[in-house]
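Open the model in your viewer and keep the selection tool at hand.

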Amino acid sequence: MRAIVISATGGPEVLDYTDHPDPAPAPGELLVQVAACGVNFIDTYHRRGRYPLSLPTVLGREGAGIVLAAGEDVAEFAPGDRVAWTGVPGSYAELVALPATRALPVPDGMALDLAAAIPLQGMTAHYLTHSVHKVKPGDDVLVHAAAGGMGLLLVQMAKLRGARVIGTVSTDEKARLAREAGADTVLRYEGFADAVRDLTGSGVHVVYDGVGAATFDGSLACLRPRGMMALYGAASGAVPPVDPMRLYHGGSLFLTRPLLEHYIATREELLWRAGDVFGWVASGDLRIDVSRRYPLGEARQAHEALEARRTTGKLLLIPGL
């Protein structure tokens, strides 16, 4: 098969589109022909070595495709079934072997490339708005990078739960996309903390921050007492160590650095979150913005665009395109 392999960590230039041995399904696994692979910031962290992997390795952790074969002890899926997944190493490839316990049924009628864009960001937005902070009607919510793949989903889910949503963006075009997703107010990053305070008076109930170092201080500053800071990513760089007394002085604030894997720890929880998100997309209540589809061999260009923050919505890699 063809796959994107890294043999050393570094910039996008380490992504090698090359031949790689076909995987075989072990007991409890599925062999899937990949229709589309999701491109996510965590892939760039793996590529750069921020989250170390054993090398060489096939990059990528998300996708969708068609089951070609099932290993022993698999009862839930059969050849021909359409599945999606996240958290499965080696997904930037034409074939992937994945645990059947991580496979998500794709609803009838949903295109596989759309399904590939849903699991990681969709379930992340779900746990952030339904578990980390259970957004309630009337809550004030701040979403950073509101026109990105995650931001657009967070805006929509917070609105579905009745919140007033404030988004931050870097360009007029991104502001337009955030408003179309339902953001009530859209701000630029410069001076956003003061602007949020002016809008809300006492501050927001929750900040969803995937930007990291560039926004962290301002995010804490615009929380109301007992507000929640959910730092789910670090697109601008890692946040330096934090003195816990900052939370005390801010008004008994809460700070969490959550991870999707901890919120889909059981098969039941995984299917609950995926079922909600796939169902909302199928019904039209949630819109997934796939902004660009690259051939699998152009993973380098996809990473360059993502890290330069030139993108909105979701990026996909398509084997055979």
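Select Lys136 and Asp139. They form a salt bridge, with the closest N and O atoms 3.6 Å apart. A salt bridge here is a side-chain nitrogen of Lys or Arg within 4 Å of a carboxyl oxygen of Asp or Glu. Lys136 is partly exposed at 43% relative accessibility, whereas Asp139 is buried at 3%. Buried means under 20% relative accessible area, exposed over 50%, and partly exposed in between (1.4 Å probe, protein chains only).

Before moving on, note that this is a predicted model: local features need pLDDT of at least 70, side-chain atom pairs count only at pLDDT 80 or more, and totals for chains, interfaces and linings use all residues. Residues are numbered from 1 along each chain as its sequence is written, and side-chain values use heavy atoms, with hydrogens and water left out.

How many salt bridges does the rule count? The count comes to 17.

Go to Arg176 and Glu180. Their closest N and O atoms are 2.5 Å apart. Both sit in helix 5 (residues 172–181), and because they are 4 residues apart, about one helical turn separates them. Helices (H or I, at least four residues) and strands (E, at least two) are DSSP runs, numbered from the N terminus. Arg176 is partly exposed, with a relative accessible area of 37%.

Now pick Glu261 and Arg102. This salt bridge has its closest N and O atoms 3.2 Å apart. The pair links distant parts of the chain, 159 residues apart: Glu261 is in helix 9 (residues 260–263), Arg102 in the loop between strand 7 (95–99) and strand 8 (104–105). Glu261 is partly exposed at 29%; Arg102 is buried at 18%.

Then highlight Arg47, Arg48 and Glu307. A network of salt bridges links them.

Two strands pair if DSSP finds at least two bridges between them.

Zoom in on strand 9 (residues 140–143) and strand 10 (residues 164–169). They run parallel and are joined by 4 bridges. Val143 stands opposite Gly167 in strand 10.

**The cores**

Which residues have the most contacts inside the largest nonpolar core? They are Leu128, Val141, Val143, Leu154, Tyr208 and Phe278, in a core of 56 residues. A nonpolar core is a set of buried Ala, Val, Leu, Ile, Met, Phe, Trp, Tyr and Cys residues joined through side-chain atoms within 4.5 Å. Helix 4 (residues 149–160) gives the most to this core, with 7 residues. Another core lies apart from it, with 36 residues, among them Leu31, Leu95, Tyr294 and Ala302.

Select strands 1, 2 and 4. They form an open sheet of 3 strands in the order 2-1-4, paired antiparallel. Strand 2 (16–19) and strand 4 (57–58) are at its edges. Strand 1 (residues 2–6) is joined to strand 4 by 2 bridges. Finish on Ile6, whose bridge partner in strand 4 is Thr57.
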